[in-house]
Amino acid sequence: MKRTNANLDYIERLHKRGVTWALLFVLFFATHPNSNYLLRLISSLAFLGQVMLLTEVVNKVLIRRCLKNQRILLFVLLDFAVVCLWSYISLWIELLLLHFFDQRPISDFSEEFPYMLLIFIIRMLWFAAAIVVAVAFYYQRKENEDKIIA
C-alpha cells in the first residue's frame, strides 16, 4: 500500500509541474488523424484545454461540493452529466475547427456520423478518465491528511 501512495505522490508532483499536460499534448498531437499540422496543433491545444478545464471544474466544484459532503450519488450523476455535455461541446468544437480549416460546410459532416460518434465516445472516455484521476488524487490527499491527523 505504501508503494502505491509513493507512486501517486510522484505522479501528483509531476502533474503540478505540468509534465502530465505536456505529455497529453504530445499524445493528442501525435494521434490526431488530420494531415494539416496547423489543424492538429489547434485541435490538440483545444482538446487539452478542455481536459484541463474539466479537471478544474471537477476539483473545484464537484469534489468540493459533493464528495466532501458525502453526496456520492449526486457526484456520480453530475459527473455523468458533465462528461456527456463536455463531450458534446468538444465534438462541436472539433466540427467547427474542421469547418474553418477544411472549408467544408457543417452539413457535410452528417454523412460521417459513425466517425463523429466514435470521436464522441473517445472523448467521453478521455473525460471520464480525467475525472477518475482527479478523484484518485482527492482520495490520496484525504488519506494522507487522515494519517497526519492520526
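Guide: A helix here is a DSSP run of H or I with at least four residues, numbered from the N terminus. The model is predicted.

Visitor: Which helix holds Leu14?
Guide: Helix α1 covers residues 2-17. Leu14 lies in this run, so its helix is α1.

Visitor: Is Leu14 buried, partly exposed or exposed?
Guide: Its relative accessible area is 22%. Buried means under 20%, and exposed means over 50%. Leu14 falls in between, so the class is partly exposed.

Visitor: Which residues does Leu14 touch, leaving out those up to four places away in sequence?
Guide: Contact means heavy atoms within 4.5 Å. With that sequence limit, Leu14 touches Val19 and Thr20.

Visitor: How many nonpolar residues does the contact of α2 with α3 have?
Guide: On the α2 side, Trp21, Leu24 and Phe25 are among the residues that meet α3. The α3 side includes Tyr37, Arg40 and Leu41. Two residues of the contact are polar and one is charged. The nonpolar count is 13.

Visitor: Is Gln50 buried or exposed?
Guide: Gln50 lies in helix α3, residues 37-67. Beyond four places in sequence, Gln50 touches Trp86, Ser90, Ile93, Arg123 and Phe127. Its relative accessibility is 9%. The cut-off is under 20%, so Gln50 counts as buried.

Visitor: How far apart are the end C-alpha atoms of α4?
Guide: α4 has 31 residues. At 1.5 Å a residue, the helix should span 45 Å. The distance in the model agrees with that: 44 Å.

Visitor: Which helices do the buried residues of α4 pack against?
Guide: The buried residues of α4 include Phe75, Val82, Trp86 and Leu98. Asp79 and Glu94 are also among them. They pack against α3 and α5.

Visitor: What is the handedness of the crossing of α4 and α5?
Guide: α4 is residues 72-102 and α5 is residues 113-149. Their axes come within 9 Å and cross at roughly 135 degrees. The two helices are therefore oblique to each other. Their crossing is right-handed.

Visitor: Which residue follows α4?
Guide: The residue after α4 has a positive phi, near 55 degrees. It is Gln103.

Methods. Residues are numbered from 1 along each chain as its sequence is written. This is a predicted model: local features need pLDDT of at least 70, side-chain atom pairs count only at pLDDT 80 or more; totals for chains, interfaces and linings use all residues. Side-chain values use heavy atoms; hydrogens and water are left out. Axes are lines fitted to C-alpha atoms, for helices over the stretch in contact, and angles run from 0 to 180 degrees between N-to-C directions. Angles under 35 degrees count as roughly parallel, over 145 as roughly antiparallel, 65 to 115 as roughly perpendicular and the rest as oblique. A crossing is left-handed if the near helix is turned anticlockwise from the far one by less than a right angle, and right-handed if clockwise. Buried means under 20% relative accessible area, exposed over 50%, partly exposed in between (1.4 Å probe, protein chains only). The expected span of a helix is 1.5 Å times one less than its number of residues. Ala, Val, Leu, Ile, Met, Phe, Trp, Tyr, Cys and Pro count as nonpolar, Asp, Glu, Lys and Arg as charged, and the others, Gly among them, as polar.
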